[in-house]
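This report looks at how two protein chains meet. The sequence and the structure come next.

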Number of protein chains: 2
Amino acid sequence: MPEPLNDAALDQLFRTARTYNGYLDKPVTTEQIRAIYELMKMGPTSANQSPARMVWCVSDEAKQKLAACTMPTNAAKIVKAPVTVIIAYDVNFHEHLPWLFPHDQTAPNWWPDAAAREPHAFRNSTLQGAYFIMAARALGLDTGPMSGFSHEAVDAAFFADTPNIKSNFLSTLGYGDPATIFARSPRPDFETFNTIA
Amino acid sequence: MPEPLNDAALDQLFRTARTYNGYLDKPVTTEQIRAIYELMKMGPTSANQSPARMVWCVSDEAKQKLAACTMPTNAAKIVKAPVTVIIAYDVNFHEHLPWLFPHDQTAPNWWPDAAAREPHAFRNSTLQGAYFIMAARALGLDTGPMSGFSHEAVDAAFFADTPNIKSNFLSTLGYGDPATIFARSPRPDFETFNTIA
């Protein structure tokens, strides 16, 4: 029977973890990027759809291309961060289900068309985006998720040849610089948004 | 500088954690439910929107009402689980931003209407649903997220008086029974769905 993680781990994952606007001058290695993915891919998605498609922008060229698609405040964060990730999703995730969900070979036929698959791709890639955030934190890194950008522009810049792939959200990644964060926004009491029925 | 969590913690959160179909006969307390929320609420959402609205079904009556809205295989899991949670979202999350996002009092006006707020509520409540899964695991509990249900039926049964609140997905919660899980579905190699740019 698993026990709760210790307080230091809960702090690192949830309580003292923050969304960073800027990062220390310390690189993120390809090995770390792969290690994040090896954890995040284990998180659950519906019928193991795994619809997230990740573009890890590490070059100045890729970061500049991405920054051109975002709000100015986000553009500045993107070009300065060690890595900025595009979390996208594949509306045609069903084509991979024969090997991703071997239990039931009828799974690819569960949705009549792309419109029916869309909310599943969006929901499950978002879950994977959250697993990305938690995996990065679990490995001692920090993130800066953001949605202030033009989906159309990002899709045109990065997914023009694969119209089945659409941007969901972005996140910077690195070792957070404490000087770049503000006071934490308040969080609701349990009673505010929860009901026990 | 945070270090990576130890292997036991990474296993508990990602590698050996599983989605459970059934649970041990061991109760989940209200204190545990509150502790999960106290962690999950710290996870980041865009402009601290915190759009998730959670209904924790612990009574037989609530579980039966929910089970009536789902696929038969899911109904059986719901009525037997110690707790089943409805992760829903509030399309009118903007009404709370004056206190949730005190940094910028113009935030409630960033979206022209409910249609513009909908994808943000959906995305950010889904992130919170993933934080719920990770928080439960961090506290030694297990989950069984599921999307095989009628959104219309759940919304009519639980949110008839608050049409701004819509169901996103469901999850059972408890101490997972290892006898109820099957072989884990395969996960993709890094190269399959990732690009380093």
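## Polar contacts

A polar contact is a pair of N or O atoms within 3.5 Å; within protein, one of the two must be able to donate a hydrogen and the other to accept it. The model shown here is predicted. Between chain A and chain B, 38 residue pairs are in polar contact, with both residues at pLDDT 80 or more.

## Extent of the interface

On chain A, 79 residues are in contact with 79 residues of chain B. The two chains bury about 7000 Å² between them, and 66% of this area is on carbon and sulfur atoms. Within chain A, the residues that lose the most area to chain B are A:Phe14, A:Arg123 and A:Phe193, which together make up 11% of what that side buries.

## Salt bridges

How many salt bridges does the rule find across the interface of chain A and chain B? There are two. A salt bridge joins the side chains of A:Glu191 and B:Arg34, with 2.3 Å from N to O.

## What chain A contributes

Several elements of chain A each supply at least two residues to the side that touches chain B, among them α1 (7-15), α2 (30-40), β4 (165-174) and α8 (190-193). The element that gives the most is α6(A), with 14 residues. Sorted by class, this side of chain A has 45 nonpolar, 21 polar and 13 charged residues.

## Strands paired between chains

Strand β5(A) pairs with strand β1 (residues 52-57) of chain B in the parallel sense, over three bridges. A:Thr195 has B:Val55 in β1(B) as its bridge partner.

Technical notes:
Residues are numbered from 1 along each chain as its sequence is written. Chains are lettered from A and ligands numbered from 1 in the order in which they are written. This is a predicted model: local features need pLDDT of at least 70, side-chain atom pairs count only at pLDDT 80 or more; totals for chains, interfaces and linings use all residues. Side-chain values use heavy atoms; hydrogens and water are left out. Contact means heavy atoms within 4.5 Å. Buried area is the accessible area (1.4 Å probe) that two parts lose on being put together, summed over both. A salt bridge is a side-chain nitrogen of Lys or Arg within 4 Å of a carboxyl oxygen of Asp or Glu. A polar contact is a pair of N or O atoms within 3.5 Å; within protein, one must be able to donate a hydrogen and the other to accept it, and residues adjacent in sequence count only if both atoms are side-chain atoms. Helices (H or I, at least four residues) and strands (E, at least two) are DSSP runs, numbered from the N terminus. Ala, Val, Leu, Ile, Met, Phe, Trp, Tyr, Cys and Pro count as nonpolar, Asp, Glu, Lys and Arg as charged, and the others, Gly among them, as polar. Two strands pair if DSSP finds at least two bridges between them.
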